[in-house]
Amino acid sequence: MSVAISISGVSKDFRIPGSKRRLRAVDNLCLEIEKQTVFGLLGPNGSGKSTTIKMALGLIRPSQGNCQILGKSSLDPAARMGIGYLPEAPYFQRFLTGRELLTYFGKLSGVPKSELGGRVVRLLSRVGLEDAGDRRVGGYSKGMLQRIGLAQAMVGNPELLILDEPTAGVDPIGAADIASIIRELRDEGKTVLLCSHLLSQVETICDRAAIMVKGKLAIEGAVESLTAASESSSARIDGLTTDARKRLEAFAKEGQLKMSTHRRSLEELFLELSKGASD
Amino acid sequence: MRLFLAMTGLAICALASSFLFREFNFGSSELKFIADFGFGGMTLFGSALAIIVTAQLFLGEIEHRTAMTLLAKPVFRSEFVLGKFLGVWVTVACFIGMLTLCLVLALWMRESSIRLEYPEGFEQGQRLVQYGGIIWFSLAQVFRIGILCALVILFSTYATSSLFAMVMGVLVWIVGQLQHIAIEARGVVDSLVLKGIYSAVGFALPNFHLYDVGEGLAMGEVLPISLVGKLLLYGALYSAFYLAVATASFNRREL
Ligand SMILES: Nc1ncnc2c1ncn2[C@@H]1O[C@H](COP(=O)(O)OP(=O)(O)O)[C@@H](O)[C@H]1O
Ligand SMILES: [Mg+2]
């Protein structure tokens with residue numbers, strides 16, 4: 001059993017109020033995420049990433065197909081035993097302090113009482129909220145909410161973490177912190193499913209990635225192979241004077257100009273795919 | 001919490017205002033007046049509190065998407081439903097308990113002073129008001145409002161706004177309160193279809209009028225324990241039924 005999440009032939013239609021048409025948010029999606037990898041789920045806004053995640057968690061039911069997490073059906077609450085989830089734009093009970101919130105979620109995740117206190121303190125400092133732990137969550141900034149949300153996802157020491165845009169609204173230093181936490185989690189042997197649109201970051205932390213466009217899976221594979229040289233390589237040099245250009249051409253004719261293949265970034269691939277879909 | 005305090009304050013004011021009528025001095029019927037006032041306030045404000053708090057608590061979690069984080073933990077949806085129910089129910093029980101305490105105090109003080117003024121109204125100086133009965137009555141009210149909480153939870157499981165759940169709560173409260181009229185009408189109506197509809201409504205919705213048993217308590221009438229037992233059982237069964245339906249409905253809900 002080395003598959004953490006398996007999504008097979010899943011579609012999701014949302015009813016549009018006041019009309020008979022339905023909005024297909026996810027269209028016949030098949031995806032397998034292996035254990036102990038960091039998997040990036042990418043796609044433009046509204047491409048169905050969050051919907052996919054919610055179906056994997058059993059928060060909404062697929063219209064077709066089924067999802068399994070850690071070998072159990074998503075609709076079985078027991079499957080959520082080993083999962084930590086950070087919702088997109090998380091929002092928590094305002095009247096609790098950060099510490100109380102983590103304690104509350106720890107209890108829900110079944111953390112033994114004797115361990116809970118120490119773990120909460122460690123998590124608060126791991127996400128950089130040690131000074132804010134005794135303040136009410138209602139007064140937290142957006143980035144702080146993301147951080148406490150990440151801590152909340154980790155409190156049950158789950159083997160699978162599902163993070164929906166963990167770095168949205170976090171400052172660059174915080175985003176780098178979160179990236180390093182995710183790398184640590186991978187080194188601990190955990191599986192991470194990560195939704196993001198910060199592509200350069202995904203590129204550095206993910207092992208594999210999938211790009212969704214309009215509910216469909218556009219491409220999936222190891223990050224290295226996705227960013228490998230594309231067939232149509234091109235180069236461009238701006239701002240050359242005519243004189244410089246002539247010399248460059250002569251230089252090239254003499255066969256001294258060497259071409260090296262250009263590795264495309266995920267960002268370019270992303271733009272290509274999303275443009276292709278909208279044409 | 002603020003709402004809870006406001007409601008308590010309001011109810012106590014209502015109770016206190018019954019003292020304004022003291023000048024009339026009805027003798028022992030004044031005690032009945034205070035008791036009726038207290039009982040009325042208890043069920044009215046208790047029900048209103050139950051409807052508002054239940055809808056807010058349940059749909060608030062969904063509207064603010066805190067339920068999403070919660071249900072992504074290994075928490076069954078039935079546990080969520082039951083937890084919300086118990087939370088509101090305990091709040092209501094505290095509220096009713098506090099009002100009962102105030103009512104008992106008010107009755108006791110008034111009874112003592114009336115007894116001094118008109119000793120002839122009291123057989124061998126015994127007290128008239130059935131204080132034990134009042135406690136049992138209040139317990140029955142807690143169960144009555146429990147049914148209402150379970151019903152509002154049921155509406156909340158498919159409502160998208162707390163306003164809708166509250167309006168539905170008020171509606172069933174009124175229907176439940178007036179249901180005995182429909183039951184009486186059933187005897188008169190000839191049409192079999194109408195009879196069927198009346199019985200269906202009578203079965204699906206609780207008859208809150210059954211719980212209005214406090215009338216004679218201040219006049220020395222005894223509240224039979226077996227009746228209280230029946231009322232508690234009735235409440236428990238209806239609440240369990242609605243909570244089961246609510247769980248089934250919530251299981252299908254998309255968050
Ligand atoms: N509860 C819902 N009701 C109706 N439409 C929805 C609902 N949730 C999502 N959608 C629609 O489904 C599409 C995919 O949304 P989402 O999965 O949130 O996208 P992403 O997370 O990739 O930005 C969007 O067009 C969105 O409007
Ligand atoms: Mg999203």
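User: In this predicted model, across which strands of chain A does H4(A) lie, and at about what angle does H4(A) run to S6(A)?
Analyst: The model is predicted, so local features are read only where pLDDT is at least 70. H4(A) covers residues 142-154, and this helix lies across S6 and S7 of chain A. Its direction relative to S6(A) is about 170 degrees.

User: Which strands stand at the edges of the open sheet of 6 strands in chain A?
Analyst: The strand order in this open sheet is S6-S7-S8-S3-S9-S10, with mixed pairing. A strand at an edge has a single partner strand, so one of its sides is left without a neighbour in the sheet. The strands in that position are S6(A), residues 83-86, and S10(A), residues 216-222.

User: Which residue in the turn of the hairpin formed by S1(A) and S2(A) has a positive phi?
Analyst: S1(A) and S2(A), the latter covering residues 22-34, run antiparallel and are joined by 9 bridges, including the one that pairs Val3(A) with Glu34(A). The hairpin leaves 6 residues between the two strands, and the turn residue with a positive phi, about 80 degrees, is Gly18(A).

User: Which residue of S4(A) is the bridge partner of Ser8(A)?
Analyst: S1(A) also pairs with S4(A), residues 64-69, in the antiparallel sense over 5 bridges. In S4(A), the residue that partners Ser8(A) is Asn66(A).

User: Which residues form the salt bridge across the interface of chain A and chain B?
Analyst: The contact between the chains involves 24 residues of chain A and 19 of chain B, with a buried area of about 2000 Å². Across this interface there is 1 salt bridge, in which the closest N and O atoms are 2.7 Å apart. The residues that form it are Glu254(B) and Lys12(A).

Key:
Residues numbered from 1 in each chain as written. Chains lettered and ligands numbered in written order. Predicted model: local features only at pLDDT ≥ 70, side-chain atom pairs only at ≥ 80, totals over all residues. Heavy atoms only, no water. Contact = heavy atoms within 4.5 Å. Buried area = accessible area lost by both parts, 1.4 Å probe. Salt bridge = Lys/Arg side-chain N within 4 Å of Asp/Glu carboxyl O. Helix = DSSP H or I, 4+ residues; strand = E, 2+ residues; numbered from the N terminus. Pairing = 2+ DSSP bridges. Axes fitted to C-alpha atoms, helices over the stretch in contact; angles between N-to-C directions.
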